[in-house]
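Here is a guided look at one protein chain and the two ligands shown with it. Have the viewer open as you read, and we can go through it one region at a time.

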Amino acid sequence: MAILVTGGAGFIGGNFVLDWINHHDELLINLDKLTYAGNLQTLDSVSGHPNHVFVHGDIGNTELVGQLLLEHKPRAVINFAAESHVDRSIHGPAAFIETNVVGTFRLLETVRTYWLECSPVRKQEFRFLHVSTDEVYGTLGPQDPAFREDHPYQPNSPYSASKAASDHLVRAWFHTYNLPVLTTNCSNNYGPFHFPEKLIPLVILHALEGKDLPVYGDGQQVRDWLFVKDHCSALRRVLEAGQIGETYNVGGWNEKANLDVVRMICSLLDELRPRTDGISYAEQIRFVRDRPGHDRRYAIDAHKLEKELGWKPAETFESGLRKTVIWYLEHPDWVQGVTSGSYRQWLTSQYHG
Ligand code: NAD
Ligand code: DAU
């Protein structure tokens, strides 16, 4: 038995790989292109593990993926691989179209070729789980109900448009070719191994370095936060019991305005690693130019996953955020490894350009 995970050196994929190896005695093939967001240090604890095989490569490389499928005959493919940062998609959308749209298309085709050749039993057991985002649904007003699975797709950024396109491809491969697919649309994740271009790790690290804490616009945009390990448990559950062709929204019921999130991080750091001058980290908050096309509010209605598959998140935002801040304080080596030259260039172009 084996599974193929794509993008398993990234934030969520990396957490999923570590989590899976803890829960299953089964070979896991981890295919990752190692873009700026992929980091083998995240996988240090499973390097050399007999159930983990890392392969450096692109989901769009049909030959490589085809070989991996034939060699390992996985019972499932879980597709995390993507360009994932909205701000980068605004500066350079091409890579998002290449991986998220064309790459997903190529992966689907390679997987379909493999699946068609499987024995009837294996064919029936096989699943393609596509990991997607709530951003495909667009933005909500303050009083709107949270996104359900039947909410229309209204993506607003190059990133979310590329993820929406990939979701549509996955859907079409089910309806047209009967490929046994599952799709999850998850809200904002946070937790260990999160690349510090994203709000929560960026604020933790900037605070500790005495830098400005950049809050876009008025800071009243709302995100619905989910601890990454809860996302992993949801994915395991959907893979195990999800209905073929269905989509499942995954969320933590933790809607928070960005400014409140930043203030919570400051309070945790004031308690856990106070500034030597005794002043709160909140003094470092700065309002900066807003993100173009910035979605105002996301909120996930995760009732379907709870009612049909019995999944619920284990962490509250308070407990998960505390664990996250402590993780960053205790892992300066990982932080140093990812904050390389190209990361510093990104910070300069995004915040001082
Ligand atoms: P990430 O940017 O941290 O990691 C992406 C990984 O994919 C990296 O390891 C990268 O090297 C790899 N990759 C990129 N292009 C590739 C390619 N062509 N072939 C093989 N590997 C490639 O992203 P993440 O935050 O871990 O997100 C993982 C998935 O979950 C994405 O599909 C994203 O859209 C989705 N998602 C993310 C969030 C979130 O809050 N981070 C929420 C919901 C859904
Ligand atoms: O909703 C799920 C999505 O969550 C995923 O699909 C994406 O891959 C993931 O990156 C995330 O997207 P966001 O754009 O919501 O995450 P980000 O951490 O970039 O920003 C969170 C909020 O904080 C958003 O409203 C923008 C704001 N922000 C972000 C940064 C980096 C700031 O105010 N300042 C910042 O410096």
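## Around ligand 1

The shell around ligand 1 holds 28 residues, and those that come nearest are I12, D32, S84, Y159 and K163. Please keep in mind that this is a predicted model. Sorted by class, this shell has twelve nonpolar, twelve polar and four charged residues.

Which atoms of the protein lie 3.0 Å, 2.7 Å and 2.9 Å from ligand 1? For K33, a backbone N or O atom lies 3.0 Å from a nitrogen atom of the ligand. K163 brings a polar side-chain atom to 2.7 Å from an oxygen atom of ligand 1, and a polar backbone atom of N189 is 2.9 Å from an oxygen atom of ligand 1. On its own, ligand 1 exposes 840 Å², and the protein buries 97% of that. The elements giving two or more residues to this shell are α1 (11-23), β5 (127-133), α6 (158-177) and β7 (188-190). With three residues, β5 gives the most.

## Around ligand 2

Turning to the other ligand, you will find 24 residues surrounding ligand 2, with T133, D134, Y159, R291 and Y351 the closest. Y159 is worth a click here, as this residue is also listed among those that come nearest to ligand 1. The shell around ligand 2 has ten nonpolar, eight polar and six charged residues.

A polar side-chain atom of R291 lies 2.6 Å from an oxygen atom of ligand 2, and an N or O atom in the side chain of N258 is 2.8 Å from an oxygen atom of ligand 2. P214 takes part through its backbone, with an N or O atom 2.8 Å from a nitrogen atom of ligand 2. Taken alone, ligand 2 exposes 690 Å², of which the protein buries 95%. Both α7 (199-208) and β8 (213-216) supply at least two residues of the shell, and β8 gives the most, with three residues.

## Two nonpolar cores

Which members of the largest nonpolar core touch the most other members? In this core of 63 residues, they are I3, V5, F16, I78, I200, I265 and L305. Helix α9 (residues 258-272) gives the most to this core, with seven residues. Apart from it lies another core, of 25 residues, which includes V55, V77, L107 and F128.

Beyond its neighbours within four places in sequence, L305 is in contact with A234, V238, Y248, N249, V250, G310 and W311.

Is C232 buried or exposed? C232, placed in helix α8, is buried, with a relative accessible area of 0%. Not counting residues up to four places away in sequence, C232 touches I12, N15, F16 and D19.

Leaving aside neighbours within four places in sequence, S233 is in contact with D19 and W311.

## Helix α2 and its surroundings

Which residues of helix α2 (residues 62-72) are buried? They are L64, V65, G66, L68, L69 and H72. These buried residues pack against β1 (2-6), β2 (27-32), β3 (52-56), β4 (76-79) and α4 (94-116). Just after α2, K73 takes a positive phi of about 45°.

## R88 in helix α3

The last stop is R88, which is found in helix α3 (residues 86-91). With a relative accessible area of 17%, R88 is buried. Setting aside residues up to four places away in sequence, R88 touches Y36, F96, F195, E197 and W346. R88 and M264 are 176 residues apart in sequence and 26 Å apart in space, C-alpha to C-alpha.

Note on methods:
Residues are numbered from 1 along each chain as its sequence is written. Chains are lettered from A and ligands numbered from 1 in the order in which they are written. This is a predicted model: local features need pLDDT of at least 70, side-chain atom pairs count only at pLDDT 80 or more; totals for chains, interfaces and linings use all residues. Side-chain values use heavy atoms; hydrogens and water are left out. A nonpolar core is a set of buried Ala, Val, Leu, Ile, Met, Phe, Trp, Tyr and Cys residues joined through side-chain atoms within 4.5 Å. Buried means under 20% relative accessible area, exposed over 50%, partly exposed in between (1.4 Å probe, protein chains only). Helices (H or I, at least four residues) and strands (E, at least two) are DSSP runs, numbered from the N terminus. Contact means heavy atoms within 4.5 Å. A residue is near a molecule or strand if one of its heavy atoms lies within 4 Å of it. A polar contact is a pair of N or O atoms within 3.5 Å; within protein, one must be able to donate a hydrogen and the other to accept it, and residues adjacent in sequence count only if both atoms are side-chain atoms. Accessible areas come from the Shrake-Rupley method with a 1.4 Å probe; for residues, only the protein chains shown count as cover. Ala, Val, Leu, Ile, Met, Phe, Trp, Tyr, Cys and Pro count as nonpolar, Asp, Glu, Lys and Arg as charged, and the others, Gly among them, as polar.
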